Amino acid sequence: MTQSHVSLEQVSDQACLIRFGDDINEQTADQILWVTQQLRSLPSVQDLVPSYTTLLVTFDPDRTQGSALHNDINRIISSLSLDSSPRHQDRHTVVIPVYYGHEVGPDLDDVAKHCGLTPDEVIQRHSEQTYRAYATGFAPGFSFLGNTSAELHIPRKSTPRHKVPKGSVAIAENQTAVYPNVTPGGWQILGRTPTELIDWQSDNIGLIATGDQVRFKAISKEEFLALGGVLDGF
Amino acid sequence: MAFKVLKAGMLALIQDLGRYGYLSTGITTGGPMDEMAFRWANALLENSPNAAQIEITFGGLALEAQADASIAITGADLAATLNDKPLLPWQTYAVKKGDLLSFQQPVWGLRAYLAVKGGFLCEPTLGSVATVIREQLGGLKGNGHKLEKEDIIPYQEDQTFKQMRVPRAAIPNYGQSEIPVILSYQSSSFSEADKETFFSQEYTVSNHCDRMGYRMEGAAIGNDIKGITSEGIAYGAIQVPQDGQPIVLLRDRQTIGGYPKIGCITAYGGGVLSQQKPGDKIRFVLTSIEQAEQQRQLHMNQISQLG
């Protein structure tokens, strides 16, 4: 897969969308990250929103016309190759400690039942693999991590919760995520991390950036509390 | 040297042109719902284009001036008064220490902009003072709060008042019901009949309209189109959920989403739409990127030719 699968469309008077085909995979994600890095240096680019198969580029209409930006984007796309992988230093591995306990993971039993596993097996499947951050959105610092083991695929809850506690670790469809703050949410909650997902002082804001690798590490209730975790919130 | 808030009203927010560079972390831009009205207010006072202002939605705001100032009011006519004397928008006024400035209720449009010479002095969060309540970012204290009674909004004292007004021909017509749309995103997934309906029927602004988005009510379109892989949402994107009622996403929109989108309204159209209230009726009209660019250029030229 090279640039022949990549297309560019101006979607508004202030934004272009680059599409990288329909398949969600690591190679596509690498290419999106690479193009994101190349575009970041263009002064007329205001914002970049990488997602699973697309990259939204918003620009300042008072500094450039869409057509001029098209040329810059097309030049970058045409230099895209199979080897276009993002700079190593831009892909961190983040380890998130999780307490998978019933008092903080109220959907653990339902998920186990749905998947035909024991709760311990759910925890093991969830914490034994490395995920990729494909996109960030929904709320500040909320990263969509994929893909979960096929054994863990489960729909969102039919009725979303009004209030998902901060730090909740949850799954839905083939994705998993951590809720960085209290929000409404419909994902199935397995546990909770004591780790802060947002650092307002850092350049990235979010602990996890799109493109990062993420692992979950099961910890005990004692460790969770020692790391500053709180048990209430529902 | 500040305004003291005597009455907060429905929704008064500190805004600048917006918070840029953080969409990839899920943080939205915020910024003025009616960008051109905001730009005019700063231009009238020869401020920098990004100088902080107060966006007043609906009215009910009352301020006491604690020092002399030059102000500009643009956007909606919210029946503003200075010591009970009526003020018309789209011009500058001199304010003296002790004066009482109030915004009552909408006469024309929905959102007014109050600028002060030199801009309101607030500490930016992530490079911007734009208030986004949902994200607890920006505003007077950096925590995303709307203006509240007893708040003190600082500015530099100013006694160099200059009478300025926006030329009549350049004042936008908020009674205009046509909102220009660029077809894009998943527009090809919508049938010709759906597009015909979308561009020929009237849509009504529903009660669900806020800084995040305007939910419209009218003829349903494209209800058989499935969700898509989540992708970045541009300003003005028109997403169509399963019920077929379009939602126009504006300044405080979510950054990514998985509903199909028929296209985007233009930035100028977004300003006009933001001046509409629940129950107001609009029509979506097809435009091209070139036309949208020309229209913006025309407005930007008018602003730069002021004075």
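A charge sits over a ring if NZ of Lys or CZ of Arg is within 6 Å of the ring centre and within 35 degrees of the ring normal. In this predicted model, the charged end of R251(B) sits over the ring of Y235(B), 4.7 Å from its centre. Local features need pLDDT of at least 70, side-chain atom pairs count only at pLDDT 80 or more, and totals for chains, interfaces and linings use all residues. Residues are numbered from 1 along each chain as written, chains are lettered from A and ligands numbered from 1 in written order, and side-chain values use heavy atoms, leaving out hydrogens and water.

**Charges over rings**
- K261(B) lies over the face of Y185(B), 4.4 Å from the ring centre.

**Aromatic rings**
- Over all chains there are 19 aromatic pairs (rings of Phe, Tyr and Trp, the last by its six-membered ring, with centres within 6.5 Å; planes under 30 degrees apart are stacked, over 60 edge-to-face, the rest tilted).
- The ring centres of F144(A) and W187(A) are 5.8 Å apart with planes at 65°, so this pair is edge-to-face.
- Both F144(A) and W187(A) are buried, meaning under 20% relative accessible area with a 1.4 Å probe, protein chains only.
- Ring pairs join Y52(A), Y134(A), F138(A), F142(A), F144(A), Y179(A) and W187(A) into a cluster.

**Helix packing**
- In chain B, helix 1 (residues 35–44) and helix 4 (residues 289–304) pack at about 20°, with axes 10 Å apart; helices are DSSP runs (H or I) of at least four residues, numbered from the N terminus, and axes are lines fitted to C-alpha atoms over the stretch in contact, with angles from 0 to 180 degrees between N-to-C directions.
- Helix 1 and helix 4 of chain B are therefore roughly parallel, the word for angles under 35 degrees.

Definitions and conventions
Buried means under 20% relative accessible area, exposed over 50%, partly exposed in between (1.4 Å probe, protein chains only). Helices (H or I, at least four residues) and strands (E, at least two) are DSSP runs, numbered from the N terminus. Angles under 35 degrees count as roughly parallel, over 145 as roughly antiparallel, 65 to 115 as roughly perpendicular and the rest as oblique.
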